[in-house]
Amino acid sequence: MSSSRLLHPDEYELETRSSADSQGSFNLDEADFESQVFIAVSLYDRGGKLAQGQWGSTVLRLIDLLGEDNVFLSIYENDSGPEGESALRALEKQVSSNKSVIIEEHFDLSNLPRVTIPGGSKRTKRIDYLAEVRNRALRPLEESKTQYDKLLYINDVLFDPIDALHLLFSTNVDDNGIAQYRAACAVDFSNPFKFYDTYATRDVQGYGMGLPFFPWFTSAGGGQSRRDVLAGKDAVRVRSCWGGMVAFDARFFQGDAKPAVDMGGEQFPVRFRSAPDLFWEASECCLIHADIEKPPSNGDEIVDTGIYMNPFVRVAYDGRTLSWLRTTRRFEKLYSFIHDIGSRLVGMPWFNPRRSEVGGQAVEETVWVPNDKGDGDGSFQTVTRIAGNDGYCGRRGLQVIVEHRKEGQDGFESIPVPT
């Protein structure tokens, strides 16, 4: 584990932000990063602005801070065009650590499962595609002889490399200064006020989000996650999150590696996946947490899953938003009353009939049952079956890939849910 100087939550507010030429608040002269960190990226970078811009230079800086001998960088990119490929190859040459950079000119959808939708056409579910490209960035783990301590998954977000170190090594530290988590997420912003990743984030009781500004979570079911945010904790208890950048305990992802501590009997290794029902959508970024969370014992109420969101680590999808985040956070606690009232007025969190299901128990669920004709038609029926561990992630719906999209057309479309 890392023996670098770690921060108490109160110190986050006082830290000096890093830059390409600054060491920030980490005492890097005394730091001794002994952890092996696997950095995974699934990238779509048409035009190459990410690889040859601030994102690429920040990834290089992060590798430098961790130490090239402690890092493996895996990037999988597809369908980014000649400019995207050229930019990524140029970045690859600058990476000093061990690495795997795979570029596919075009993703072959025929390798993915197909579903038959009403009307009879066969399509590829969007989540199946997203799960697969994330898993392709993890392929080097399958052949690696190195046992990694941390897996850091990074999206196409702009971030401070010092923040990435905080996420890895300062989140929920124990008395010995060692970070304790199954997963720890950053918080991502699409503008200086708006939280982006509501689709994948659920509070510790599985409720969806409130309005997408601070403190993000609602008071539903006791509001433990909301109270953690307002208390200024650096380890806000949640059931799932993503936030553009996530640190995982790598033991969940690596081969048949046996964990050093009891992890509750989960299956190894975990990978990203989709939900099995046709008209039930759940983010692959939520489902991965369902598969690694610490289960409650003897049917007790869930109070801590081992999955945390760190509000002190913030990332953004453009440079202007990133530069504003330190300013807007100074007065964000003023929003809490407005957020609570506003979320209640619009009925958030949205109702999820499977939120409280307990994996392994018999439940009644309304599911889409196809007819015997194979034409994709069918009906919703109430059936009794054994619940999975991920009901809280989902919502009614279906999105599929647009396979032959036109210029300016989105890469996926929603299929109307039959009445």
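Two strands count as paired if DSSP finds at least two bridges between them. Keep that in mind for the sheet. One caution before we start: this is a predicted model.

Let's take β2 and β3. Strand β2 covers residues 71–78. Seven bridges join β2 to β3, and the two strands run parallel. For one of the contacts, look at Glu77: its bridge partner in β3 is Ile103.

Now the helices on the sheet. Helix α2, residues 54–66, lies across β1, β2 and β6. Its direction is at about 170 degrees to β1. Helix α9, residues 319–328, packs on the sheet as well. Helix α9 touches β7 and β12, and makes about 115 degrees with the direction of β12.

Step back to the whole sheet. There are nine strands, and the sheet is open. Reading across, the order is β3-β2-β1-β6-β10-β7-β12-β9-β8. The pairing is mixed. Which strands sit at the edges? They are β3, residues 98–104, and β8, residues 202–203. Each of these pairs on one side only.

On to the cysteines. How many disulfides does the chain have? The count is two.

Start with Cys185 and Cys241. Their sulfur atoms are 2.0 Å apart, and they form a disulfide. Which hand does it have? The torsion about the S-S bond is about 75 degrees, so this disulfide is right-handed. It connects distant parts of the chain, 56 residues apart. Cys185 is in strand β7, while Cys241 is in the loop between β9 and β10.

Next, Cys286 and Cys393. This pair also forms a disulfide, with sulfur atoms 2.0 Å apart. Here the value about the S-S bond is -80 degrees, and the link is left-handed. Again, distant parts of the chain are joined, 107 residues apart. Cys286 belongs to helix α8, residues 284–290. Cys393 lies in the loop between β14 and β15. Both cysteines are buried.

Count the bonded cysteines along the chain, and the pattern is 1-2, 3-4.

One more cysteine, Cys285. The cut-off is 2.5 Å. Is Cys285 buried or exposed? Its relative accessible area is 4%, so Cys285 is buried.

Terms used. Residues are numbered from 1 along each chain as its sequence is written. This is a predicted model: local features need pLDDT of at least 70, side-chain atom pairs count only at pLDDT 80 or more; totals for chains, interfaces and linings use all residues. Side-chain values use heavy atoms; hydrogens and water are left out. Helices (H or I, at least four residues) and strands (E, at least two) are DSSP runs, numbered from the N terminus. Contact means heavy atoms within 4.5 Å. Axes are lines fitted to C-alpha atoms, for helices over the stretch in contact, and angles run from 0 to 180 degrees between N-to-C directions. Buried means under 20% relative accessible area, exposed over 50%, partly exposed in between (1.4 Å probe, protein chains only).
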